[in-house]
Amino acid sequence: AAASGGGVGEAAAGLEAESPAAVRCVVRSNAVAPRLDAGGKTGLKFRVWSTHAATLGKFRNKKAPHPSMSRQLVLTNRQTVPLTFTLATAGPFRVLSAHCLAPPHPLQQTLFTTSLGGKAAEGEIYTLPPGDNVVVDLGFLANAASQTLAGTAALSNNKPITLMEQVNGSMTVTFSTGCTQQIDLTGNILRPMLVCSPSKYHFGIGMVGGDGVSIYLSISNPTEVEANWNLIHVPSKTFTKSRLAGLGGMVQNTDHPDVFEFSTKQGTLAGPTMPLQTAAVCLPTDVNRADQAVFKQTITTLKWHQPGEKEEAQKAPFSLNVSFRPLENVEYSSRFRLQVANGEGFDFVLSGKGTYEENEQKFSGQPRL
């Protein structure tokens with residue numbers, strides 16, 4: 001081959017065909033994208049009460065203020081080669097800490113800070129050998145995420161009721177090869193709500209200076225969130241004489257909340273309680289009601305107990321005693337609100353008429369319920 005004129009270090013032409021020892025190999029490669037196994041999970045969900053999110057404060061020392069605001073995720077290297085990666089979050093979520101048995105990466109830099117906005121363990125470099133895993137503690141910043149934690153927001157601002165607010169985010173695993181893996185994060189903030197029956201009640205005629213007339217209002221919490229409530233009076237608008245004349249000459253009732261006395265004006269009601277219809281505090285079925293009645297009938301229904309349910313005494317609605325004691329012989333009407341902390345309240349109207357006549361029994365013109 002050298003005599004044929006080939007230079008030093010150059011292969012002679014036709015060596016592959018002439019040499020019996022030459023072997024031609026076909027080499028193929030399939031690129032395998034790096035990926036961590038999250039135990040079959042494609043995402044992680046948080047379920048937080050608005051009462052906890054608004055009152056328990058910030059994350060401090062890598063710990064969540066309530067267990068519902070933290071979740072744990074195990075990421076395992078199922079591939080046959082070591083994987084080097086970093087973790088980063090988007091949205092109101094933070095990596096609180098990460099634990100693994102692998103030795104730290106030589107270029108690892110800890111960027112942990114204890115402030116609310118700090119991203120703990122984010123920016124650290126991890127190298128997982130095959131078969132090893134890293135345990136990641138994730139936190140949901142619910143108090144920073146929620147935009148509707150103010151109580152009775154819907155009642156005061158005429159906004160639609162939102163009993164569950166969903167906030168989305170993600171955690172991104174960035175590998176040294178430039179590939180990324182995304183894990184979806186979802187935070188659900190649950191708000192409490194109260195309902196009351198009856199929502200409007202007319203006491204009829206009450207004697208001024210008498211013993212008064214009393215009823216019980218049934219308050220129910222249909223949500224799983226504990227409702228902390230207090231009772232407030234909602235002042236009515238004052239109409240001018242010209243406005244009343246435009247409304248057909250109607251007379252505005254006296255808004256004097258002190259004539260209505262309540263057994264308590266604050267409390268805590270755990271949920272879920274029995275629905276008002278199931279608790280038999282609504283009107284019974286009226287079989288004589290016309291098919292085209294002005295008001296729809298509220299049916300009272302009952303159900304059997306299910307295994308694991310609360311005791312009936314714990315599920316029953318709360319009974320609030322209300323007494324009507326008029327001060328003058330006028331028509332009274334006042335609106336009250338069950339204001340729920342970091343939740344949705346409920347309005348109800350009470351009315352009645354005062355009289356000085358002991359035997360006055362004339363019809364007031366309004367239904368009692």
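**Strand pairs and salt bridges in a predicted model**

Modeller: Strand 7 and strand 8 (residues 180-190) pair in the antiparallel sense, over eleven bridges. Keep in mind that this model is predicted.

Colleague: What makes strand 7 and strand 8 a pair?

Modeller: A pair needs at least two bridges found by DSSP. Strand 7 and strand 8 have eleven, so they count as paired.

Colleague: Which strand does strand 3 (residues 83-90) join, and over how many bridges?

Modeller: Strand 3 joins strand 7 (residues 164-175) over six bridges, and the two run antiparallel. A88 has T172 in strand 7 as its bridge partner.

Colleague: Why is one side of strand 10 (200-207) and of strand 14 (266-269) left without a neighbour in the sheet?

Modeller: The sheet is open, with five strands in the order 10-17-16-12-14 and mixed pairing. Strand 10 and strand 14 stand at its edges, so each has a single partner strand. From one strand to the next, the twist averages 25°. Strand 14 pairs with strand 12 (residues 227-234) over four bridges, in the antiparallel sense. There, W229 stands opposite G267.

Colleague: What makes E224 and R47 a salt bridge?

Modeller: The cut-off is 4 Å between a side-chain nitrogen of Lys or Arg and a carboxyl oxygen of Asp or Glu. The closest N and O atoms of E224 and R47 are 3.1 Å apart, so the pair qualifies. E224 lies in the loop between strand 11 (213-220) and strand 12, and R47 in strand 1 (residues 43-49), so the pair ties together parts 177 residues apart in sequence.

Colleague: How many salt bridges are there by this rule?

Modeller: The count comes to six. Among them, R325 and E261 meet at 2.7 Å, N to O. R325 lies in the loop between strand 15 (318-324) and strand 16 (331-340) and E261 in strand 13 (residues 260-262), so this pair ties together parts 64 residues apart in sequence.

Colleague: D347 and R335 also meet in a salt bridge, at 3.7 Å. Why is D347 called buried?

Modeller: Buried means under 20% relative accessible area. D347 has 16%, so it is buried. R335, at 38%, counts as partly exposed. A network of salt bridges links R335, R337 and D347.

Colleague: And how much of the protein chain is buried?

Modeller: Buried residues make up 36% of the 369 residues.

Technical notes. Residues are numbered from 1 along each chain as its sequence is written. This is a predicted model: local features need pLDDT of at least 70, side-chain atom pairs count only at pLDDT 80 or more; totals for chains, interfaces and linings use all residues. Side-chain values use heavy atoms; hydrogens and water are left out. Axes are lines fitted to C-alpha atoms, for helices over the stretch in contact, and angles run from 0 to 180 degrees between N-to-C directions. Buried means under 20% relative accessible area, exposed over 50%, partly exposed in between (1.4 Å probe, protein chains only).
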